[in-house]
Amino acid sequence: MPKLWTETIDAHRAAVRDAAMDAMAALVAERGLVAVTMSQIAEQAGIGRATLYKYFPDAQAVLTAWHERQITTHLDQLAAAVDPAAPAVVRLEAVLHTYAHIQHHSARHYGGELAALLHRSEHVDRAQQRLRGFVQDLIAEAVRDGDLRDDVAAEELAAYCLHALTAAGAVPLPEAVQRLVTVTLAGLAAPRR
């Protein structure tokens, strides 16, 4: 098959998948999780039901694919938040700010029943491990630079940061998100001697 043809087919397949995932997200937001059918997803996406079934076996598969895409987007946002030339502590601060704002935004749009269902998936475990490793590496580097406390393991500090900032999903105002980040960063500061 010629390269252009293959690229066109791949782009078409990606567009169909994206349309189905976007349709699923819109329908869940509008009607709730239980009420969404494959027929509704196909109609909302502007594709035939038979076409939709070529890509996804059921509505749960569409939802899982949408969630995987969301997680990938969030991980990409975290990676893009850092200036590779900046000191580790500055990069860590940027990552924690971004993570807290993602938590705040996601809870407003995709909380409750949907979050409970989706966050029990294997793809979420892999993403959380990747996130913890990313934060842990930044903390370890900042500790080596002398910018953060060295009396607690980097692994424990990473868990502390991520758990603390998950609370950003429960606060009503962006100013409260900023305060949570400030308090979390203060907990990482090297103790005065």
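Predicted model: local features only at pLDDT ≥ 70, side-chain atom pairs only at ≥ 80, totals over all residues.
Residues are numbered from 1 along each chain as its sequence is written, and side-chain values use heavy atoms, with hydrogens and water left out.

Q: Why is valine 95 called buried?
A: Buried means under 20% relative accessible area, exposed over 50%, and partly exposed in between (1.4 Å probe, protein chains only); valine 95 has 0% relative accessibility, so it counts as buried. This residue lies in helix 5 (residues 88-110). Of the 193 residues of the chain, 37% count as buried.

Q: What does valine 95 touch, not counting residues up to four places away in sequence?
A: With contact meaning heavy atoms within 4.5 Å, valine 95 touches Leu78, Val82, Phe134, Val135 and Leu138. The C-alpha atoms of valine 95 and glutamine 77, which are 18 residues apart along the chain, are separated by 8.8 Å.

Q: Why is alanine 140 classed as partly exposed?
A: Alanine 140, which is found in helix 7, has 21% relative accessibility and therefore counts as partly exposed.

Q: Why is threonine 166 called partly exposed?
A: Its relative accessible area is 38%, so threonine 166 is partly exposed. Threonine 166 has its place in helix 8 (residues 154-166) and, leaving aside neighbours within four places in sequence, is in contact with Tyr99 and Gln103. Threonine 166 and glutamine 103 are 63 residues apart in sequence, yet 6.0 Å apart in space, C-alpha to C-alpha.

Q: How do you know that helix 4 and helix 7 are roughly parallel?
A: Helix 4 (residues 59-80) and helix 7 (residues 122-144) pack at an angle of about 5 degrees, with their axes 10 Å apart; axes are lines fitted to C-alpha atoms, for helices over the stretch in contact, and angles run from 0 to 180 degrees between N-to-C directions. Angles under 35 degrees count as roughly parallel, over 145 as roughly antiparallel, 65 to 115 as roughly perpendicular and the rest as oblique, and the two helices are therefore roughly parallel to each other.

Q: Which residues of helix 4 and helix 7 meet?
A: Thr64, His67, Glu68, Ile71, Leu75, Leu78 and Ala79 in helix 4 meet His123, Val124, Ala127, Arg130, Leu131 and Phe134 in helix 7.

Q: What makes the buried residues of helix 2 (residues 38-45) lie on the same side?
A: The buried residues are Met38, Ile41, Ala42 and Ala45. They cover an arc of only 95 degrees around the axis, which puts them on the same side of helix 2; the arc is that of the directions from the helix axis to the C-beta atoms.

Conventions: Helix = DSSP H or I, 4+ residues; strand = E, 2+ residues; numbered from the N terminus.
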